[in-house]
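Here is a short tour of the structure shown below. Keep the sequence and the 3D view open while you read.

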Amino acid sequence: MHSKDQISHDDYQKTADWLMSQTKHRPQVAIICGSGLGMLADTLKCQDSFAYSDIPGFPQSTVQGHAGRLVFGELKGKSCVCMQGRFHMYEGHSLLKTTFPVRVFKLLGVETLFVTNAAGSLADGLQPGDIMIIKDHVNFPGLVGLNPLCGPNDDKFGPRFPAMSGCYDKNLRCLAMEIAKQLGVAGLMQEGVYAMVGGPNFETIAEARLLHRLGVDAVGMSTAPEVVVATHCGLRVFGLSLITNKVVKSYEDLDSVNHEGVLEVGRLRSHTVQQLVTELIGRMEINNNTNNAA
Ligand SMILES: O=P(O)(O)O[C@H]1O[C@H](CO)[C@@H](O)[C@H]1O
């Protein structure tokens, strides 16, 4: 890692201090909105919002469907902060920049991170419009050393060798399923494994077949670095993938995926995703920061 890519503890702290000087909100929950899912921030009450370009140290969003605003507010009695727009490796950000907000959230006092994303489905049982509760992930860039935790370890955030076996909280996953049943949307939901690829191109058919054989249920170009950094610093994590397309696995299939289609499914399912996230945040307990998965 080049020294210009490194971010000191002080740099994260400066951004956190600046935000705390600009808002009275002290968030317990952070939400990262995936492609087309920026409307999750609309549900927050008593909002304070900041353009990323105004926040010292913050990277800038460059992807259509990622507005580039940090929104603080209340949701069902819990104090939240919502990223309307995330950072992706393929935009050219270093992985530390990509995950910069997560450590800032930790310094703001956040205990639980919600990650959402748009993803393509490889599993036969997952259709566009379905919602996958992320049970686990395969961090393909991470497996070959493209990991935000590479480089000097910041012991103030977490250990050199953090466990990832429990990174998606089991209690929150169960509660989400229970809420889905109560909302009458359980038919759209199932648990599955998300894989992060580097992007920005969508998968070839051979790559899609490989991912399918490896047991991946849904694929996208984000999320894993954020979850790795969150778990490293002891945040509880809950993740949802909105299935926006089937990944083409057959040479006879003439379909092809595009980003506009991905955003459109986000718009169509926005209400359901909003309801789920709102209820889950309302009903989850805070101060229960155990890494608990199975
Ligand atoms: O993961 P999010 O940010 O939801 O976005 C997904 O959608 C985009 C492709 O349409 C990619 O950025 C992919 O990662």
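The largest nonpolar core is made of 45 residues, and the ones with the most contacts inside it are Leu19, Leu70, Phe105 and Leu113. A core here is a set of buried Ala, Val, Leu, Ile, Met, Phe, Trp, Tyr and Cys residues joined through side-chain atoms within 4.5 Å. Buried means under 20% relative accessible area, exposed means over 50%, and partly exposed is in between (1.4 Å probe, protein chains only). There is also a second, separate core of 34 residues, which includes Ile133, Leu175, Val273 and Met284.

A word on what you are looking at: this is a predicted model, in which local features need pLDDT of at least 70 and side-chain atom pairs count only at pLDDT 80 or more, while totals for chains, interfaces and linings use all residues. Residues are numbered from 1 along each chain as its sequence is written, and side-chain values use heavy atoms, with hydrogens and water left out.

## Helix α3 and Phe105

Helices (H or I, at least four residues) and strands (E, at least two) are DSSP runs, numbered from the N terminus. Take helix α3, residues 100-108: 7 of its 9 residues are buried, so the helix is largely enclosed by the rest of the structure. Those buried residues are Phe100, Pro101, Val102, Arg103, Val104, Phe105 and Leu108.

What does Phe105 contact, leaving aside its neighbours within four places in sequence? Its partners are Ala30, Leu70, Val81, Met83, Val110 and Leu113, where contact means heavy atoms within 4.5 Å.

## Rings that meet

A pair of aromatic rings is described by the distance of the centres and the angle of the planes. Searching the whole structure turns up 9 aromatic pairs. Rings of Phe, Tyr and Trp (its six-membered ring) pair if their centres lie within 6.5 Å; planes under 30 degrees apart count as stacked, over 60 as edge-to-face and the rest as tilted.

Start with Tyr12 and Phe157: their ring centres are 5.3 Å apart and their planes meet at 85°, so this pair is edge-to-face. Tyr12 is in helix α1 (residues 9-22) and Phe157 is in the loop between α4 (140-143) and α5 (170-183), so the pair ties together parts that are 145 residues apart in sequence. Both Tyr12 and Phe157 are buried. Next come Tyr52 and Phe87, a tilted pair with 5.3 Å from centre to centre and 55° between the planes. Here Tyr52 sits in the loop between β2 (45-51) and β3 (69-75), and Phe87 in the loop between β4 (78-84) and α2 (95-98), so the pair ties together parts that are 35 residues apart in sequence. Tyr52 is buried at a relative accessible area of 1%, and Phe87 counts as buried at 1% relative accessibility.

Ring pairs link Tyr12, Tyr52, Phe58, Phe87, Phe100 and Phe157 into a cluster. Phe100 also has Lys97 over its face, at 5.5 Å from the ring centre. (A charge sits over a ring if NZ of Lys or CZ of Arg is within 6 Å of the ring centre and within 35 degrees of the ring normal.)

## The annotated binding site

For "binding site", an unreviewed UniProt entry lists Glu203 and Asn245. UniProt positions are given in the numbering used here, feature names are shortened, and annotations may be inferred rather than shown by experiment. The two are spread over 43 residues of sequence yet cluster in space, with a largest C-alpha distance of 12.1 Å.

Glu203 belongs to the loop between β7 (189-196) and α6 (205-213). Is Glu203 buried or exposed? Its relative accessibility is 18%, so Glu203 counts as buried. Asn245 is in strand β9 (residues 236-246) and is buried too, with a relative accessible area of 12%. Not counting residues up to four places away in sequence, Asn245 touches Ala119, Gly120, Ser121, Pro128, Val257 and Val262.

Thr223 is not a glycine, but has a positive phi of about 75°. Thr223 is in the loop between β8 (218-220) and α7 (224-232) and, at 1% relative accessibility, counts as buried.
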